[in-house]
Amino acid sequence: MKKNPEQQTTPLLDGLLKHVEQKPVQFHIPGHKGGKGMDEQFREFIGENALSLDLINIAPLDDLHHPGGMIQEAQHLAAEAFGADYTFFSVQGTSGAIMTMIMSVCGPGEKIIVPRNVHKSITSAIVFAGATPIFIHPEIDSQLGISHGITVNAVEKALNAHPDAKGLVVINPTYFGVAANLKEIVELAHSFDIPVLVDEAHGVHIHFHEDLPMSAMQAGADMAATSVHKLGGSLTQSSVLNIQGNLISPNRVQSIISMLTTTSTSYILLASLDAARRNLVINGAERISEAIRLAEKTRAEINEIEGIYCPGKELLNERAIFDMDPTKLIISIKNLGITGYDAEVWLRENYNIEVELSDLYNLLCIVTAGDTEEETNLLVHALSELSRQQMNKNEYKHDQDKQINVFVPSIPTLALSPRDAFYSETEIVPLRESAGRISAEFVMVYPPGIPILIPGEIIDNENLNYIWKNIEAGLPVQGPEDFTLQFIRVIRERKAIE
């Protein structure tokens with residue numbers, strides 16, 4: 001496909017650089033005035049060039065809330081790059097874009113169909129909107145102990161049971177790089193006139209390479225919140241919201257995203273989005289190809305290590321694992337007799353390696369265009385040494401195909417809408433004594449931010465056991481006001497007056 005020559009331009013970045021070159025006298029915020037009025041150590045480390053771009057929405061620089069100049073031009077180019085009708089820049093991260101998606105389609109009392117393994121921003125948006133979530137349980141991998149995608153069959157059941165739903169949320173791909181049959185899911189939802197909203201936080205790159213899963217816009221989805229900063233080369237907290245078709249009003253989206261966005265928008269973040277879009281269009285395919293090659297080489301080498309397994313395309317099926325992103329390295333270490341968290345800490349303390357995620361059974365490492373064989377070779381070497389140490393400690397023979405007893409709790413019963421529960425009269429009780437009570441708080445393991453409990457759900461012992469298991473493994477369980485996780489806020493019970 002021939003590229004539009006304008007995709008080689010960066011109207012927003014160029015406009016900012018032109019403004020800076022003119023050296024205007026600034027009697028406006030930010031108060032550091034190009035760095036001159038800030039802490040010296042911070043200024044010297046960040047550098048004058050970066051600080052000169054830390055500007056606000058003065059007239060020559062356009063306004064993200066009402067774009068009509070360089071921001072509008074940059075968003076038009078981004079829409080063309082992603083195959084969307086409209087693209088909105090987000091400086092509130094993908095969380096802000098996801099909240100905009102949810103709140104653009106549903107309101108108080110209305111239903112929205114969502115996978116259970118959604119990010120906390122989706123459940124937060126459901127609270128803000130006052131909507132009622134209809135959960136679909138994703139398929140659980142009994143070998144790896146992780147959630148994958150949702151099946152077409154499960155979506156069909158949900159749509160038939162709730163044809164009045166205002167939207168269907170799909171994660172594409174998941175945190176672990178797994179994609180469902182998105183195109184068929186979209187076609188199914190559209191047969192009910194229900195829009196498909198895609199959490200594409202971990203899939204900005206998939207649109208730019210034919211060997212990766214189909215992107216949301218390619219599959220015909222109506223909206224997609226896409227983290228350009230995660231895997232696309234822009235700065236942290238910068239993302240885009242893509243929309244297409246006639247089921248979503250772009251004017252409604254602009255209104256909602258403006259409500260959720262700071263009026264002090266960061267032009268450094270916006271400029272990085274403009275530049276990242278150009279780089280993805282011009283150089284994306286080539287650089288992603290190299291990342292795929294490097295990831296596959298690393299996967300093969302990891303699979304030579306005793307007691308460690310790094311799955312690949314052999315997992316594919318016609319259900320929940322329709323496609324995979326090979327640049328995500330799921331590293332199963334369950335046969336080493338330690339948790340993923342133990343392995344994460346060991347890699348940090350012994351090799352100064354930081355992984356993307358650890359859970360009870362796995363590590364997750366991401367290979368991008370920013371990696372070289374120097375880094376991946378170190379990872380393989382470190383994992384080999386970890387395996388050697390653990391094998392020496394353990395006298396028994398490890399079975400790499402051993403099935404583990406994966407403990408994932410069932411979805412709790414929703415007794416109140418998340419919004420009603422969040423704003424109800426509450427009380428604080430010991431977490432160990434909370435079974436049978438209605439939660440007024442979120443409880444999740446973050447990352448990846450998948451909820452164990454959301455406001456309005458009835459707590460049961462299965463949920464509590466899962467929480468304890470993650471805490472005991474050292475994993476980051478969070479959400480409640482009480483950081484120690486000794487107490488949880490629940491709906492106050494009113495007893496009869498005697």
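Tutor: A cavity is a set of grid points where a 1.4 Å probe fits but cannot get out, and its lining residues have an atom within 4 Å of a point. Please keep in mind that this is a predicted model.

Student: How many cavities of 30 Å³ or more are there?
Tutor: The count comes to five. The largest cavity holds about 60 Å³ of space.

Student: Which residues line the largest cavity?
Tutor: The lining consists of Leu64, His65, Pro67, Gln75, Phe88, Phe89, Gln254, Ile257, Ser258 and Thr261.

Student: And which element supplies the largest share of that lining?
Tutor: That is α10, with three residues. Both β1 (86–90) and α10 (250–260) supply at least two residues each.

Student: Let us change topic to the sheet with β10, β11 and β12. What is the strand order?
Tutor: The order is β10-β12-β11, in an open sheet of three strands with antiparallel pairing. β10 (328–332) and β11 (357–358) are at the edges; each has a single partner strand, so one side of each is left without a neighbour in the sheet.

Student: How many bridges join β10 and β12?
Tutor: Five bridges join β10 to β12 (residues 362–366), in the antiparallel sense. Within this pairing, Ile331 has Leu363 of β12 as its bridge partner.

Student: Which helix packs on the sheet?
Tutor: Helix α12 (residues 340–351) does, touching β11 and β12. The direction of α12 makes about 50° with that of β12.

Student: Which residues of α12 are buried?
Tutor: They are Gly340, Ala343, Glu344, Val345, Trp346 and Leu347. These buried residues pack against β11 and β12, and also against α13 (373–393).

Student: Why might spacing along a helix matter for a pattern of that kind?
Tutor: An α-helix has 3.6 residues a turn, so residues three or four places apart point the same way.

Student: What span should α12 have, and how far apart are its end C-alpha atoms?
Tutor: At 1.5 Å a residue, the twelve residues of α12 should span 16 Å, and the end C-alpha atoms are 16 Å apart, which agrees. The expected span is 1.5 Å times one less than the number of residues.

Student: What follows α12?
Tutor: Asn352 follows α12, and its phi is positive, near 55°.

Student: On backbone angles, what is phi for Gln237 and for Leu485?
Tutor: Gln237 has a phi near 95°, a positive value in a residue other than glycine. Leu485 is not a glycine either, yet its phi is positive at about 65°.

Student: Where are they placed, and are they buried or exposed?
Tutor: Gln237 is in the loop between α9 (228–231) and β8 (239–243). Gln237 is partly exposed, with a relative accessible area of 42%. Leu485 is in the loop between β16 (477–478) and β17 (487–491). Leu485 has 10% relative accessibility and counts as buried, because buried means under 20%.

Notes. Residues are numbered from 1 along each chain as its sequence is written. This is a predicted model: local features need pLDDT of at least 70, side-chain atom pairs count only at pLDDT 80 or more; totals for chains, interfaces and linings use all residues. Side-chain values use heavy atoms; hydrogens and water are left out. Two strands pair if DSSP finds at least two bridges between them. Helices (H or I, at least four residues) and strands (E, at least two) are DSSP runs, numbered from the N terminus. Contact means heavy atoms within 4.5 Å. Axes are lines fitted to C-alpha atoms, for helices over the stretch in contact, and angles run from 0 to 180 degrees between N-to-C directions. Buried means under 20% relative accessible area, exposed over 50%, partly exposed in between (1.4 Å probe, protein chains only). On a 1 Å grid over the protein atoms alone, a cavity is a set of points where a 1.4 Å probe fits but cannot get out, and a pocket is an open set with protein on both sides within 12 Å along at least five of seven lines; lining residues have an atom within 4 Å of a point. Grid points are joined across faces, edges and corners, and a volume is the space filled by probe spheres set on the points.
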